Amino acid sequence: MRALALIFGLMTMGAEAQEQVMGVVSDGDISVGVIWEVQDSGVVGRYQLRNAGAAEVYVFDRLYRTSVTGFRTVDPDYAWHWLEPDGVFRVAKFVPQVPAGKKVESPEVAYARVLAAGAVLEGRVLLPGRLDQDLPYGVTPPLAAVTAITSIVLSVGYAEVDPQVEATEIKAGDEVVLSLPYGWLIGQQRIVSAEPQALAVPMQR
């Protein structure tokens, strides 16, 4: 759990900050369910995010890939992924905190979609047939690869919409995503996770 908290950047969030983050959104308002399938092309996860609360939230499930020239391309099927203890494989779409002591010119962010009160958003994750590990900022995976994972779990970052925070629209293929200030993102983000699902998939070693 400590490794997970450090990756998500949750260790620094104290009780006072947690109260500020909550606002109108309560624990349990946001949930995520996912169906995983192993196909010839790889592992596919189709997920639904549900908002049972009374407030709009931003969902940080639109990651991007960066070319050698620095150009960003939003990839709606992309997610960070790594191995955890007991063969659990974590798949995550969120805004990562800059690792302590690391200097970066442009922090990693995730672009957002709006999940309205009472609404549902759908998305997809694509992973290779032989699973690798890919963490933000090139962080070394906390565990070495195993022959095969035993279960898989999806986590997604979200935050209550604050109308006073400027969101910039970005065209990404057939959809429009939102770019928000990193400082606000990292301070307000919360994480929701699906129930782990048993799944035996080989890893690259």
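The legends below describe close-up views of salt bridges and nonpolar cores in a predicted model. Residues are numbered from 1 along each chain as its sequence is written, and side-chain values use heavy atoms, with hydrogens and water left out. Because the model is predicted, local features need pLDDT of at least 70 and side-chain atom pairs count only at pLDDT 80 or more, whereas totals for chains, interfaces and linings use all residues.

**View 1. Asp75 and Arg65 form a salt bridge, with N and O 2.9 Å apart.** A salt bridge is a side-chain nitrogen of Lys or Arg within 4 Å of a carboxyl oxygen of Asp or Glu, and a search of the whole structure finds 7 of them. Asp75 lies in strand β4 and Arg65 in strand β3 (residues 57-66), so the pair ties together parts that are 10 residues apart in sequence; strands are DSSP runs (E, at least two residues), numbered from the N terminus. Arg65 is partly exposed, at 45% relative accessibility, where buried means under 20% relative accessible area, exposed over 50%, and partly exposed in between (1.4 Å probe, protein chains only). Leaving aside neighbours within four places in sequence, Asp75 is in contact (heavy atoms within 4.5 Å) with Leu63, Tyr64 and Arg65.

**View 2. Arg124 and Asp77 are joined by a salt bridge whose closest N and O atoms are 2.8 Å apart.** Since Arg124 lies in strand β8 (residues 120-127) and Asp77 in the loop between β4 and β5 (80-83), the pair ties together parts that are 47 residues apart in sequence. Asp77 counts as buried at 17% relative accessibility, while Arg124, at 33%, counts as partly exposed.

**View 3. Further salt bridges include the pair Arg46 and Glu37, at 2.7 Å from N to O.** Arg46 is partly exposed, with a relative accessible area of 39%, and Glu37 is likewise partly exposed, at 35%. Elsewhere, Asp61, Arg62, Arg113 and Glu175 are linked in a network of salt bridges.

**View 4. Trp36 belongs to the largest nonpolar core, which has 30 residues.** Such a core is a set of buried Ala, Val, Leu, Ile, Met, Phe, Trp, Tyr and Cys residues joined through side-chain atoms within 4.5 Å. Trp36, Leu49, Val91, Leu127 and Leu154 touch the most other members, and β1 (30-39), β2 (42-51), β3, β6 (88-93), β8 and β9 (151-160) each supply at least two residues. Apart from this core lies another, of 23 residues, among them Phe60, Tyr64, Val95 and Trp184.

Methods:
Helices (H or I, at least four residues) and strands (E, at least two) are DSSP runs, numbered from the N terminus.
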